[in-house]
Amino acid sequence: MKKKSAAKKEEQHRPPPPEPYPWLVYSFGDNNKRQIFCSISNPNETRIRRIPALQNRYLWANCHGWCLYLGRDFCLILWNPVTMEEITLPCMPEVAIRDCILTSPPSEPGSKVILFFHRTNNILYCELGDEEWTELCYYDELKRTIKEVGLAEEQMVPTVLPNLLMSPVCCDGNLYAVWTPFGNYRDCCRKLVKIHEIHQDGLKIEPLNVFLRSARPKYVHLMESCGDLFTVEIQYKDESLTGVLAIGIHRLNFSNKEWVQVETAKDRAFFLPSDRVDQQAFSIPVIDPDVANRVYFTLHGDDIYKKLYSYNIEDGTISISSTFLNLPRLQRSCPVWIMPHLRLTNTPKEDEHKINTEDQESGKVYGRENDLKDMESTNDISALHFDMVKVIAERLILVDYLHFRATCKIFHSAAPPIQWRIAMEKVENPSLSSPWLVFFENESVCAFIDPKHGDKYIINLPQVLKGGIICGSKDGWLLIAVAEKSHFFLGEILTFFFNPFTQAILPLAENMDRALDFSCIGFSSSPLSSECVVVNLSKNESDAKFVVEYSSSLGQDLDVDLNHWHKNEFNDADFSFNYNSPIFYKGAFYCLGQKGNLGILKLNDDGENTWEVLTKPKPPCMSGYDQNYLVECDGELFSVFVGNMRKWVQVFKLNESKMTWIRVENLENHMFYLSCSSSFSVKAKTPGMENKIYFPIFCGQSMVFFSLETKKFHSFEGKDVNFYGSREKLRCGWIEPKWC
């Protein structure tokens, strides 16, 4: 019995057996004496431990299979979660440290721990075995670097704002860091540098002329993966970090010093720190295809981080990867990732799925064409005259036309690929049963999905729109923001209207010194109308001001330097935008805030624009919801609130005579299509689609809708859908196809 008790006690003082994936570790109890180890491969099993080395300590970094912990006594230790080995480092002075890194495994000669100061141009470093830290100031070296790259020395203002090195990362035996010349997170300032020759006499900084991609309010994580440098940019809904709008992954091409968008990563996974930028993100090779090709993270305040989210890099959807149901009630415990050092070998190659699409010119429709089988020998298709097949094809609506082409070789030959712009000439009735979900599948391709049938169609984007994002949709037009490649990091943004069906492009003004942080953007009418107005409303949560930018002039020449954006600032501490699209209603833009309150922006001809947050109507829902939307339907204003974890959906109609929201239980013959960039209503053309709300959410391959009749989420596969079995598409919208 004593041996069993001793063995059990020893087990409690060790981490669980190593796994090929990192543990998500929660600390709890008095002085964080206990730890809960959670596995992403088995979320229903949690292991409680009491590891002495981790008590009263804070995890700074995971490097080369070692964890760097800081104690309350300002003592640092290196701890190996597999061997339980501890290496005690010299006590450091009481200074604010932002980042730290272990340059190589402790067993290698010259291994160093480097600490980067939070507010001064200094680092501390020690080689393992040193009895004290060595402090270096790198300001003079940065000044030399500025002269080398030809920048103005005025960018360095040490008495006002420090010039910091931060986010260090080791890659292929080299040490890199991010230089912020103004000591903040301004997009135009974040540059990548290489650090070497660190010794007691100084260090050398090599400029790489590489900028970090970033956009407010976005966290950019720099990390190494299999000998390459990657950034993972995560854009939150607001500064509370409770929701995600977009995630982007880029790999640095060292040869041309450009960041390349990662469209798939089937042999690795990325792990982001919880709620903090001073902890390191990391990536590991992955064998399991259900784990690979994803970014893993938790969200602030989400049941005290009990849910693990994953972002699928290939299809651009976000879902709950794991829910740790067995966690005790935690007191604001922020989990950390701990990755044991395991040598993964023989990563299997993923099966390559061949897509049978033909090489078509830009702008042609690519149907989802299956392998064409020669069916002539098994049925009477060959008996049809070729001209008769062509006549049948010419009388099909667009979607059926594409299905027709995919049926067999004869039909495929008789029905040639069509251009969006001449679809009206090729088909008699281009009307569709519903709007389509639209998104950019990658930097060069625009994709559409029919929500009812699940059919997917793609077109190539014109060159000028490549790399853009969808900001709004109305009357068959997309509003697209594109960062000029040559000026991306100066924040110069170009905005365009784009009709993907006619390929028409209308440019708006350059939006100078603005990042891609559109929190509330929309336009009043078709851009072909002289009355069309575009508005972009954004707010810094740190103060009460928000900015309204609007443009009412459209340029016709892409080479003309346009400057038609106008700007107003308003003071308003009570209204926060909720990343939903404004509704142009009765001559004004209506916005629904995070608190459910209603704001109205009126743009007047005399330039005296007004902003008002209405005291009435009162918010119909006070709490318990994640997202809300405004919709115009038959000349009336509706609001839709979606409960936490999509537990409920409630619809309200504005009674303008009493200025109150009235609960709506039935949409009758209407359908609502909701997304962050576009929300509108249409009348149902197909029986069974009415009285439903459609979201950019998938269950399997089917799109998800909410039925006001059953008060539940369903898919077109006939399944009831819960929050845990669904995936939400990011950076998308709805569009009603129009060929004129």
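These legends describe close-up views of aromatic and charged side chains in a predicted model. Residues are numbered from 1 along each chain as its sequence is written, and side-chain values use heavy atoms, with hydrogens and water left out. Local features need pLDDT of at least 70 and side-chain atom pairs count only at pLDDT 80 or more, while totals for chains, interfaces and linings use all residues.

**View 1. The tilted ring pair W436 and F448.** Rings of Phe, Tyr and Trp (its six-membered ring) pair if their centres lie within 6.5 Å; planes under 30 degrees apart are stacked, over 60 edge-to-face, and the rest tilted. The count by this rule is 33 aromatic pairs. For W436 and F448, the centres are 5.8 Å apart and the planes are at 55 degrees, so the pair is tilted. W436 lies in strand β26 (residues 436-440) and F448 in strand β27 (residues 445-449), so the pair ties together parts twelve residues apart in sequence. Strands here are DSSP runs (E, at least two residues), numbered from the N terminus. W436 is buried, at 0% relative accessibility. F448 is buried as well, also at 0%. Buried means under 20% relative accessible area, exposed over 50%, and partly exposed in between (1.4 Å probe, protein chains only).

**View 2. A ring cluster.** Ring pairs link Y673, F680, Y694, F705, F716 and W734 into a cluster.

**View 3. Lysines over rings.** A charge sits over a ring if NZ of Lys or CZ of Arg is within 6 Å of the ring centre and within 35 degrees of the ring normal. The charged end of K191 sits over the ring of W179, 5.5 Å from its centre. K729 lies over the face of F439, 3.9 Å from the ring centre.

**View 4. The salt bridge D315 to R727.** A salt bridge is a side-chain nitrogen of Lys or Arg within 4 Å of a carboxyl oxygen of Asp or Glu. This rule gives 13 salt bridges. In this one, the closest N and O atoms are 3.6 Å apart. D315 lies in the loop between β23 (307-312) and β24 (317-323) and R727 in strand β50 (residues 727-729), so the pair ties together parts 412 residues apart in sequence. D315 is partly exposed, at 25% relative accessibility. R727 is partly exposed, at 21%. Elsewhere, salt bridges that share partners join R663, E665 and K711 into one network.

**View 5. The salt bridge D99 to R98.** The closest N and O atoms are 3.3 Å apart. D99 is buried, at 4% relative accessibility. R98 is buried, at 7%.

Definitions and conventions: Helix = DSSP H or I, 4+ residues; strand = E, 2+ residues; numbered from the N terminus.
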